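This report goes through selected secondary-structure elements and the way they pack. Please view the sequence and the structure together while reading.

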Amino acid sequence: MSATLHCDILIRHASVLTPEMKIATNQFIAVQDGKILMTGPDDKVQFSAEETYDDDDLLWMPGLTDGHIHTSQQFLRGRLLDVKPVIWKRVNVPFESRLTESLSKLSASLAALEMISSGTTSFVDAGGKYPEAFADVYERSGLRGFLTVMTNDSPHAPESLRAPSVDAAIKRLREMKSALTGCSGRITPIYSVTTPTAVSEDLLRAVMQTSTEDNVPFETHLNEYASEVTEFIERYGERPFIWMEKEQLIPQRMLAAHAIFLSQDEIDVLREYNIPVVHCPFSNCGKGVPPTPQLLHDHISCGFGSDGAGHGGLDLFREIRLFRSLMQVERGVTTADSSVMPAETLLSMAVRGGGAALRGALDGSIKAGAPADLIAIDMDCPRLWPTQNMVHTLVECASGSDVKHSIIDGKSVMKDRKILTMDMEKIRYETGHAADENPWLTNWI
Ligand SMILES: [Zn+2]
């Protein structure tokens, strides 16, 4: 008989979403030092643990990655629906320009609560004025994420968000990088510009080149509006990815948010430079439908993002379901093809795509050696049970509120829907107080 081994967390009698996006029943998962130590059939378990989850109604799956969130826009929930484009210029950036450091911190607390409680375990933020304040909150929350400074030198940008010069913008990004280097490793820096058409050519070149020099990933909104692609061509004579490639600006690790309007030669650049993309289905409905089947066919990593709470909240299960519907209407109906975007593909995008791809190949799978970022879905509820196919049911019926437990980096951050790392009542009180003191927070014109 083999000896009993010890681990930090032991999950028993579980259904598990495998790396092939199939369901294996009656499994164990042993977690040690932030990683999955071993997984397999429960009758082979040989571990004792500090903490045990033993519930055969749970389906354990990798945590979801929000590949494009705007931490600063948590107070814009409910404000953006039915607003005429272009929303980010007319509403979002002016709103963010008024956020103080303490309000930014509160916004991060609200975003962290919402992400954890809806099954998101990692994220890529699109940039704010106070990423160090975000980092302080996210570090304590237990989440894993990338943060950046909102970098913009447009004369049309609000003064409080406008970089006074290219040198000042680079200095600020490097300051942020140094500050975040002091974090645990779960919170890491990226460089960014708001969007290429919103900044000067000098700034765009400088940030992309500095990403390469400093070996820091680069992220930006790209090919989000057809009009932005046209504007880019007017300024630079080429489509965005083609120009960046010709100018040899593409850093080793780059993430493209939205990426809706792509030509085939741009898709070729994405493939050649291994650039993952993040679609934000709810937000993108006001813009267009991306060529995702073609991207996946060309082995480009595609993930999901919420685009911030102002675009319908941060629940990625909803984004998965909406994206499936969009793809079906746009590409499946005309060809009577019901498998344009199969359930397994959608789930794989949610756990491995975009931001997860930026971190490394091991993420997004329940297997030995992978980071222990895991969520448990409570399948014992009328919305999810009984089912003839759990994978289909996850796509069609699950929501963030079905997530019962969350483990990030090998530590329990939510148990029985109670978030262990944050004081929800205190944040609720602070939010009410902040709204009383700053009426524009919840009543932005
Ligand atoms: Zn965005």
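## A helix pair

Angles under 35 degrees between axes count as roughly parallel. In this predicted model, the axes of helix α2 (residues 101-117) and helix α3 (residues 131-141) cross at roughly 30 degrees. α2 and α3 are therefore roughly parallel to each other. Their axes come within 8 Å, and the crossing in which α2 passes α3 is right-handed.

The contact between the two helices involves E101, S104, K105, A108, S109, A112 and I116 on the α2 side. On the α3 side, A133, F134, D136, V137, Y138 and S141 take part.

## The parallel sheet

Strands of a sheet can pair in either the parallel or the antiparallel sense, through backbone hydrogen bonds.

A257 stands opposite V278 of β13.

Antiparallel pairing is found between strand β16 (residues 403-408) and strand β17 (residues 411-415), which are linked over three bridges. I408 has K411 of β17 as its bridge partner. The hairpin of β16 and β17 has two residues between the strands, and in this hairpin D409 takes a positive phi near 55 degrees.

β17 is also joined to strand β18 (residues 418-419), by two bridges and in an antiparallel run. Here M414 has I419 in β18 as its bridge partner. Again two residues lie between the strands of the hairpin, where D416 has a positive phi near 50 degrees.

Which residues of helix α6 (residues 226-236) are buried? They are E228, V229 and F232. Seen down the axis of α6, these buried residues fall within an arc of 100 degrees, so they line one face of the helix. Part of their cover comes from α7 (240-246).

The face of α6 turned away from the buried side carries A226 and E234, which are exposed. Just after α6, G237 takes a positive phi of about 80 degrees.

Note on methods. Residues are numbered from 1 along each chain as its sequence is written. This is a predicted model: local features need pLDDT of at least 70, side-chain atom pairs count only at pLDDT 80 or more; totals for chains, interfaces and linings use all residues. Two strands pair if DSSP finds at least two bridges between them. Helices (H or I, at least four residues) and strands (E, at least two) are DSSP runs, numbered from the N terminus. A residue is buried if 20 or more other C-beta atoms lie within 10 Å of its own, exposed if 12 or fewer, and partly exposed in between; C-beta atoms are placed from the backbone. The arc is that of the directions from the helix axis to the C-beta atoms. Two residues are in contact if their C-beta atoms, placed from the backbone, lie within 7 Å. Axes are lines fitted to C-alpha atoms, for helices over the stretch in contact, and angles run from 0 to 180 degrees between N-to-C directions. Angles under 35 degrees count as roughly parallel, over 145 as roughly antiparallel, 65 to 115 as roughly perpendicular and the rest as oblique. A crossing is left-handed if the near helix is turned anticlockwise from the far one by less than a right angle, and right-handed if clockwise.
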